[in-house]
Amino acid sequence: MEKIIKGVLDFKLNVYPKRKDLFGELADQGQSPEILFITCSDSRIDPNLVTGSHPGDLFICRNAGNIIPPHNNETGGMTASIEYAVAVLGVRHIIICGHTDCGAIKGALDIEALNGLPHVKEWLGHCRSAMEIVRERNEIPWNQGVDSCHLNEAIEENVLQQVQHLRTHPVVAAKLATGKIEIHGWVYDIKSGSIRCCRHNDNEFSDFHELYAELISSLSE
């Protein structure tokens, strides 16, 4: 806690004065982020650091496993946040960002081992389609857990499946149909700092520089 207290003091004394105009503008004008950034609760992931963004740039939602439950009529925090970000804030892009060494996906690989954590087990049930795809692809018997050697494959597949879950949300489906929103799937490599990406219709991932080559080229002009 000492580190946190020290950080708050430093923010108040050194960081805030340098960004005072920005914070004043945000306080007076409210928020208008262009990007909804959905990622894992893992403490090693810092969306603003990874993207070089600033306060007001990202509307951030975090949970274990960067999970998006498929839409239904039962209200949940993720459903409400997505609806607000798309319908009210008018975000133009949604990024679902998984990451290497994800503890949630490690748990989903052998979900029956989580009987002592009933809420975690139920939550990770939203990863089941991804785990079943990995199981089928590797011919793993239905009554066996998925071995940890398939972790990276499962992490990527989970992002792909969460992208599909996101498309079931009515506000998102409407904006996709009219071309007013784009969905991006990312997997961030903690050790190397690299990112692999996909778009909402993709079945596999590409290198960041390859997928966004056109945008990257325009930045250097």
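Predicted model: local features only at pLDDT ≥ 70, side-chain atom pairs only at ≥ 80, totals over all residues.

**Helix packing and sheet arrangement**

The protein as a whole has 11 helices and six strands.

**H7 and H8**

- The handedness of the H7 and H8 crossing is right-handed.
- On the H7 side the contact is made by Ser 129, Ala 130, Met 131, Ile 133, Val 134 and Arg 137, while H8 contributes Glu 153, Ala 154, Glu 157, Asn 158, Gln 161 and His 165.
- Sorted by class, the residues in the contact of H7 with H8 comprise five nonpolar, four polar and three charged ones.

**H4 and H9**

- Helix H4 (residues 77-88) packs with helix H9 (residues 170-177) at an angle of about 35 degrees, and the two axes lie 8 Å apart.
- For H4 and H9 the crossing is left-handed.
- From H4, the residues Ile 82, Glu 83, Val 86 and Ala 87 meet Val 171, Val 172 and Lys 175 of H9.
- The class composition of the contact between H4 and H9 is five nonpolar and two charged residues, with no polar residues.

**The sheet**

- An open sheet is formed by six strands in the order S2-S1-S3-S4-S5-S6, with mixed pairing.
- Strand S2 (58-63) and strand S6 (206-207) are the edge strands, each of them pairing on one side only.
- Strand S5 (residues 195-199) pairs with S6 in the antiparallel sense over two bridges, and Arg 196 stands opposite Asp 207 in S6.
- H4 also packs on the sheet, where it touches strand S1 (35-40), S2 and strand S3 (93-99), and the direction of H4 makes about 170 degrees with that of S2.

**Overall dimensions**

- For 221 residues a compact globule would have a radius of gyration near 17 Å, and the 19 Å of the protein agrees with that expectation.
- Taken along the principal axes, the box filled by the C-alpha atoms of the protein is roughly 60 × 50 × 40 Å.

Notes:
Residues numbered from 1 in each chain as written. Heavy atoms only, no water. Axes fitted to C-alpha atoms, helices over the stretch in contact; angles between N-to-C directions. Helix = DSSP H or I, 4+ residues; strand = E, 2+ residues; numbered from the N terminus. Left-handed = near helix turned anticlockwise from the far one by under 90°. Contact = heavy atoms within 4.5 Å. Nonpolar A, V, L, I, M, F, W, Y, C, P; charged D, E, K, R; others polar. Pairing = 2+ DSSP bridges. Rg over C-alpha atoms; globule rule 2.2 N^0.38 Å.
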